[in-house]
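This report concerns the secondary-structure arrangement of the model shown below.

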Amino acid sequence: MRWSGKCDSCGEWNTLVEEVVRQESAGRGARAATGDARVYPITRVDAQQDERLRTGLVELDRVLGGGIVPGSMILLGGDPGIGKSTLMMQLGRAETRILYVSGEESLRQIKLRAERLKVGGEHFLVLAETNLDAILRAVQEQKPDLVVIDSIQTVFRPELESAPGSISQVRESTAVLLRHAKSENIPMIVIGHVTKDGVIAGPRVLEHMVDTVLQFEGDHHHSYRIVRGLKNRFGSTNEIGIFEMQENGLREVSNPSEVFLSDRSHGISGSCVTSSLEGTRALLIEVQALVTPSNYGTPQRTMSGLDARRVSLLLAVLEKRFGMHVGQYDVFVNIAGGVRIDEPAVDLAVCAAIVSSARDRAIDHATAVVGEVGLGGEVRSVGQVEKRVVEAEKLGFKRIIVPRGGIADKKKRGIEIIEVDLLAEAMEKLV
Ligand code: TYD
Ligand code: MG
């Protein structure tokens with residue numbers, strides 16, 4: 001026994017959490033060994049998928065890969081107050097028999113919220129309980145189509161010594177719920193509070209156990225909320241669902257491009273629109289840049305919604321291949337609306353916004369820009385250009401700059417397609 005402050009495995013400080021180990025009874029291991037452990041040839045395995053449960057929210061179903069798989073377990077993580085409980089209660093608007101278990105609010109509070117969200121009906125069952133045994137009993141009695149646990153940090157097993165919310169309670173409770181979900185074939189959604197860097201002990205350790213991990217994000221200053229799949233055993237993880245928090249709950253945003261461009265002002269330098277791909281959807285977003293003379297020795301580079309290293313790289317390319325010197329300037333780049341974009345297809349738009357601000361000349365309002373920028377100053381092709389072009393056309397853009405060779409049929413469209421090979425070429429056409 002000695003004091004230990006640093007994790008031997010990952011080298012991080014102050015991340016160790018006490019965990020009380022329970023004595024395993026001898027019977028448990030013995031029973032597991034005599035269980036059904038037959039081996040099958042893969043051809044004999046029945047892969048008939050049961051139908052997925054539709055949540056009634058198209059945005060959420062898309063992220064889940066088309067609905068909830070029977071018997072699966074979903075972890076919904078997110079900052080406190082972001083709207084997890086609201087989202088889950090809104091599932092009650094569909095006809096699904098839902099058992100909503102809350103350990104955070106009283107039945108009266110749940111009722112008040114339900115009234116505000118216009119959720120009701122005999123199919124929406126509520127239980128204010130934190131004792132896991134009582135919760136499981138209710139599940140067994142009611143046999144609902146879906147169980148929601150709000151939140152896993154409040155649930156506890158009385159047999160365990162540690163406090164609710166501690167790592168062993170959270171993990172053990174989840175394991176028990178998981179076994180139940182699988183054996184009864186009842187899907188469960190478990191809510192977990194996580195801060196961005198995952199400091200609250202708990203939900204992070206659950207990510208390996210559950211089938212699907214969803215992250216509910218957005219900042220408190222914007223009303224937009226995004227559901228993102230971080231892990232999905234039954235679908236892809238690159239889809240997002242967009243919601244807007246309103247007076248009476250979350251509204252699905254089915255045409256996000258309009259929303260993200262709604263505040264755009266005319267004739268301002270440093271703004272460029274790009275068509276970004278999120279999963280299967282193209283999304284038009286505005287990249288904003290501000291380039292100003294620096295007052296300090298080390299110029300500032302502040303990014304929001306973008307990878308800072310990627311923007312530094314683009315600044316270096318602009319310097320070397322385009323002759324734009326930003327060494328004495330502060331550069332701020334922002335994605336409007338509080339979204340985060342990680343794909344390199346926004347590169348050209350970021351460069352255009354920076355050049356536009358540096359020259360203080362606005363980019364034409366009806367022009368969109370798509371393309372990855374290489375270190376040689378070349379504009380590289382990006383995936384699914386066609387989809388991006390169609391989205392821009394749909395929103396009334398007149399011109400779009402794309403990497404050469406991505407579009408087969410350039411005529412007979414409502415949008416002019418301008419192909420470019422080089423960054424410099426694109427910049428001269430834009431600003
Ligand atoms: P909540 O779902 O309680 O968050 P979480 O469960 O993730 O902690 O949402 C809380 C916030 O949402 C709160 O700040 C109020 C706001 N809200 C609305 O704006 N409209 C609504 O209809 C509801 C129910 C909540
Ligand atoms: Mg809540």
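## Basis

This is a predicted model, in which local features need pLDDT of at least 70 and side-chain atom pairs count only at pLDDT 80 or more, whereas totals for chains, interfaces and linings use all residues. Residues are numbered from 1 along each chain as its sequence is written, chains are lettered from A and ligands numbered from 1 in written order, and side-chain values use heavy atoms, without hydrogens and water.

Strands S10 (residues 271-278) and S11 (residues 281-293) run antiparallel and are joined by eight bridges; Glu278 is placed opposite Arg281 in S11.

## Strand S8 and its partners

Five of the seven residues of S8 (residues 240-246) are buried, so the strand is largely enclosed by the rest of the structure (buried: under 20% relative accessible area; exposed: over 50%; partly exposed: in between; 1.4 Å probe, protein chains only). Five bridges connect S8 with the antiparallel strand S7 (residues 224-232). S8 and S9 form a hairpin with two residues between them, and Gln246 stands opposite Gly249 in S9.

## Helix H12

In H12 (residues 423-430), the buried residues are Leu423, Ala426, Met427 and Leu430. These fall within an arc of 100 degrees viewed down the axis, so they line one face of the helix (the arc is taken from the directions from helix axis to C-beta atoms).

Conventions:
Helices (H or I, at least four residues) and strands (E, at least two) are DSSP runs, numbered from the N terminus. Two strands pair if DSSP finds at least two bridges between them.
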